[in-house]
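Good morning, and thank you for joining. Please look at the sequence and the structure together while I take you through a pocket, a core and a helix.

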Amino acid sequence: MADVWSGLGTWLHEVFVEQFDVWIAIGFFAQAMFSARFIIQWIASERAGRSVVPVAFWFFSIAGGGILFVYALARQDPVFIAGQGTGLLIYARNLWLIFRERKGALTDAG
């Protein structure tokens with residue numbers, strides 16, 4: 001059992017300490033931004049007393065997803081590139097639909 005813990009400790013050191021560079025720091029920052037969107041959504045839902053998705057959710061999705069996409073490109077990870085690239089299209093489309101709806105509401109009101 002001691003060998004398992006020793007091996008795990010070695011692996012954790014290699015992954016989180018030896019590999020650490022500026023790209024890892026950028027990746028962690030991007031992941032924090034991407035994760036913050038759920039906190040924003042949760043707070044907005046609690047305030048409304050129902051499930052809502054605020055516009056800020058989509059902006060954090062684009063910011064975090066965009067930086068993660070650049071990180072994936074730098075790491076040359078095709079799975080991560082495809083996942084984040086597709087997500088960026090969806091986030092941008094959602095923002096476009098929101099702004100189109102708001103523009104239409106302003107036009108109808110005027």
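Which residues line the largest pocket? They are Val15, Phe16, Gln19, Phe20, Ile24, Gly27, Phe28, Gln31, Leu68, Tyr71 and Phe80. This is a predicted model, in which local features need pLDDT of at least 70 and side-chain atom pairs count only at pLDDT 80 or more, while totals for chains, interfaces and linings use all residues. Residues are numbered from 1 along each chain as its sequence is written, and side-chain values use heavy atoms, leaving out hydrogens and water.

A pocket here is an open set of points on a 1 Å grid over the protein atoms alone, with protein on both sides within 12 Å along at least five of seven lines; lining residues have an atom within 4 Å of a point. The volume, the space filled by probe spheres set on the points, is about 180 Å³. Helix H2 (22-48) gives the largest share of the lining, 4 residues. Helices are DSSP runs of H or I with at least four residues.

Next, the largest nonpolar core: buried nonpolar residues joined through side-chain atoms within 4.5 Å, where buried means under 20% relative accessible area with a 1.4 Å probe, protein chains only. This core has 10 residues, among them Phe34, Trp58, Leu68 and Tyr91. Tyr91 touches Phe34, Arg37, Trp58, Ser61 and Ile62, not counting residues up to four places away in sequence; contact means heavy atoms within 4.5 Å.

Finally, H3: its buried residues include Trp58, Ser61, Leu68 and Tyr71. Just after H3, Gln76 takes a positive phi of about 55°.

Note on methods. On a 1 Å grid over the protein atoms alone, a cavity is a set of points where a 1.4 Å probe fits but cannot get out, and a pocket is an open set with protein on both sides within 12 Å along at least five of seven lines; lining residues have an atom within 4 Å of a point. Helices (H or I, at least four residues) and strands (E, at least two) are DSSP runs, numbered from the N terminus. Buried means under 20% relative accessible area, exposed over 50%, partly exposed in between (1.4 Å probe, protein chains only).
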